[in-house]
Amino acid sequence: MSLKESYQFCFKMGAAIPRHVLKDEPVLRHIAQEYDSITCENDMKPENLLDAEANRKEPERYDRSPAVTFEKIDPYMEYAKKNGIGMRGHTLVWHNQTPRWFFAKDYRNEEDAPLADRETMLARMESYIRTVMTYVQQKWPGVIYAWDVVNEAVVEEGLRESFWTGTVGQDFVLQAFRFARKYSDGSAALFYNDYDTFLPWKREAIYDLILRPLLEEGLVDGMGMQTHLTMETDLDEYEKSLRYYGALPLQVQITELDIHNTDPSEESMERLAQRYESLFDQLVKARKDKAADLTGVTFWGLQDDMSWLTAFRKERSYPLLFDGQLKPKKAYYAVLGAAEK
Ligand code: XIL
């Protein structure tokens with residue numbers, strides 16, 4: 001049985017995929033066999049959807065309605081549609097992978113170009129969200145079932161300082177969700193997504209700064225726990241957090257799961273498998289106890305050689321369920337096993 005078959009009774013199983021696999025037939029068959037959800041690892045981020053050339057060539061024309069191009073995402077959408085696979089839309093509003101010129105007056109590209117004013121940035125945000133959501137709803141209906149409306153807005157000091165807070169201001173999260181709700185046809189749930197969501201201070205901060213105000217206006221449907229773990233992450237705190245978000249009137253999704261591990265020895269991969277098993281035991285139990293409306297689990301990558309962690313952590317990582325040849329590791333069987341208990 002595959003991942004998606006084993007977990008059909010529980011939640012969707014997904015993976016983030018990079019662009020190059022779209023040309024790789026064996027990998028595409030593997031995806032269709034194992035998963036019922038995909039996320040574009042990078043291609044649905046603003047830096048890939050914003051049309052740099054058009055905006056910068058005609059800044060007056062596009063000042064309040066940025067030009068967007070969909071040529072990079074259409075192949076994913078087509079593949080998903082053809083194979084009956086759902087997609088997570090990742091991500092509409094983020095401080096990262098959004099070019100600086102998008103925030104600049106007249107889309108100017110110099111590093112010190114003055115930033116656009118609040119009214120202009122609100123208009124750009126609304127137009128961007130409307131254009132992207134309307135396009136996928138009309139051209140690829142039924143494919144995207146969840147949107148990460150805002151990604152990674154909370155840090156220890158409170159709301160993260162970024163070009164979004166620097167232009168729109170402290171209410172940019174609320175504004176983004178208002179626009180997303182306004183232009184959504186209801187086919188996709190609206191998520192707030194973040195990392196380290198299992199840390200006690202962070203779950204409180206996310207509730208106070210993000211979820212509570214959004215829930216008051218009925219603007220949010222789900223909490224995305226990225227779940228980039230290490231071999232040391234405290235899984236008891238993880239479970240508490242899962243149940244904390246789960247107690248709110250929200251879906252919960254695990255959106256970017258991986259467990260950083262630099263040692264490929266058999267013994268270490270056995271320990272990795274045990275960690276995955278403990279985590280999936282928790283997830284299944286939360287679902288069975290009705291402690292969280294957990295609707296999906298997405299791995300951040302298909303196989304160890306493709307993991308972003310090796311570049312991000314600057315050390316080779318072996319964090320996933322499949323090895324460089326897409327051969328299932330012990331962790332794969334451990335995850336399957338957790339579904340059968
Ligand atoms: C990462 C991608 O995996 C990399 O390829 C890219 O260079 C940087 O972004 N949190 C997120 C994801 O929300 O979008 C990030 O993806 C990983 C951390």
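Which element gives the largest share of the lining of the largest pocket? I looked this up before anything else. The answer is strand 9, with three residues.

**Set-up.** I am working on a predicted model, where local features need pLDDT of at least 70, side-chain atom pairs count only at pLDDT 80 or more, and totals for chains, interfaces and linings use all residues. Residues are numbered from 1 along each chain as its sequence is written, and side-chain values use heavy atoms, with hydrogens and water left out.

**Pocket.** I noted a volume of about 450 Å³ for the largest pocket. A pocket here is an open set of points on a 1 Å grid over the protein atoms alone, where a 1.4 Å probe fits and protein lies on both sides within 12 Å along at least five of seven lines; lining residues have an atom within 4 Å of a point. The volume is the space filled by probe spheres set on the points, which are joined across faces, edges and corners. I counted 25 lining residues, and Glu152, Gln226, His228, Trp308 and Phe312 lie nearest the centre. Strand 9 (228–230) and helix 13 (309–312) are the elements that give two or more residues to this lining. Both kinds of element are DSSP runs numbered from the N terminus: helices are H or I with at least four residues, strands are E with at least two. By class, the lining has eight nonpolar, 10 polar and seven charged residues. Asp, Glu, Lys and Arg count as charged; Ala, Val, Leu, Ile, Met, Phe, Trp, Tyr, Cys and Pro as nonpolar; the others, Gly among them, as polar.

**Ligand.** I checked where the ligand sits: the space it takes is the largest pocket, by the test that more than half of its atoms lie within 2 Å of the grid points. Of the 13 residues around the ligand (a heavy atom within 4 Å), Glu41, Lys45, His90, Glu256 and Trp300 come nearest. I sorted this shell by class into three nonpolar, six polar and four charged residues. For ligand oxygen atoms I listed a polar side-chain atom of Lys45 at 2.7 Å, an N or O atom in the side chain of Asn151 at 2.9 Å, and one in the side chain of Trp300 at 2.9 Å. The protein buries 77% of the 420 Å² that the ligand exposes when taken alone (Shrake-Rupley, 1.4 Å probe).

**Backbone.** I found a cis peptide bond between His90 and Thr91, with omega about 5°. Thr91 is in strand 3 (residues 86–93). Asp196, in the loop between strand 7 (189–194) and helix 10 (200–216), has a positive phi near 50°.

How values were computed: Polar contact = N/O pair within 3.5 Å; in protein donor to acceptor, adjacent residues only side chain to side chain.
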